[in-house]
Amino acid sequence: MAVYQADNAKWLEESIESITSQSYTDFLFIIVIDGPVPGSITQVLNTATMSDNRIVLAQNSHNMGLASSMNSAIDFGLAFEPSFFVRMDADDISEQ
């Protein structure tokens, strides 16, 4: 997942919760912070990482765009040799 300054913090929180509450639990959740973000988003991300060790944050120094952010997440994630690689947006909700 990538997040950037225009994302809605409430929706982001709901999106993260929809992933972390899945019945399948053996995953790494990579969230790329694409450039500077407001404090409300930072707070949601910090709370999520403190409560769930499956969440890993990466930070771009400036807004690079969704494609570049996802490519960097893929490059990082492939080092773990996953069976699956799933992508979602900061305003998506995953059903159980």
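One aromatic pair is present in the structure, where rings of Phe, Tyr and Trp (its six-membered ring) are taken to pair if their centres lie within 6.5 Å, planes under 30 degrees apart counting as stacked, over 60 as edge-to-face and the rest as tilted. The ring centres of F76 and F80 are 5.4 Å apart and the ring planes stand at 65°, so the pair is edge-to-face. F76 is partly exposed, at a relative accessible area of 37%; buried denotes under 20% relative accessible area, exposed over 50%, and partly exposed in between (1.4 Å probe, protein chains only). The model is predicted, and local features need pLDDT of at least 70, side-chain atom pairs count only at pLDDT 80 or more, and totals for chains, interfaces and linings use all residues. Residues are numbered from 1 along each chain as its sequence is written, and side-chain values use heavy atoms, with hydrogens and water left out.

Helices (H or I, at least four residues) and strands (E, at least two) are DSSP runs numbered from the N terminus. The 13 residues of α3 should span 18 Å at 1.5 Å a residue, and the end C-alpha atoms of α3 are 18 Å apart, which agrees; the expected span is 1.5 Å times one less than the number of residues. S69, M70, A73 and G77 are the buried residues of α3. They cover an arc of only 95° around the axis, which puts them on the same side of α3, the arc being that of the directions from the helix axis to the C-beta atoms. A67 and D75, on the other side of α3, are exposed. The cover over the buried residues of α3 includes β1, β2 and β3.

In the segment after α3 (66-78) lies E81, which has a positive phi, near 50°, in a residue other than glycine. E81 counts as exposed, at 70% relative accessibility.

The three strands form an open sheet in the order β1-β2-β3 with parallel pairing, two strands being paired if DSSP finds at least two bridges between them. β1 (2-3) and β3 (55-60) stand at the edges, each with a single partner strand, so one side of each lacks a neighbour in the sheet. Strand β2 (residues 29-34) runs parallel to β3 and is joined to β3 by six bridges; the bridge partner of I31 in β3 is L57. Helix α1 (residues 9-20) packs on the sheet and touches β1, β2 and β3, its direction making about 160° with that of β2; contact means heavy atoms within 4.5 Å. Helix α2 (residues 39-51) lies across β1, β2 and β3 and runs at about 145° to β3. Axes are lines fitted to C-alpha atoms, for helices over the stretch in contact, and angles run from 0 to 180 degrees between N-to-C directions.
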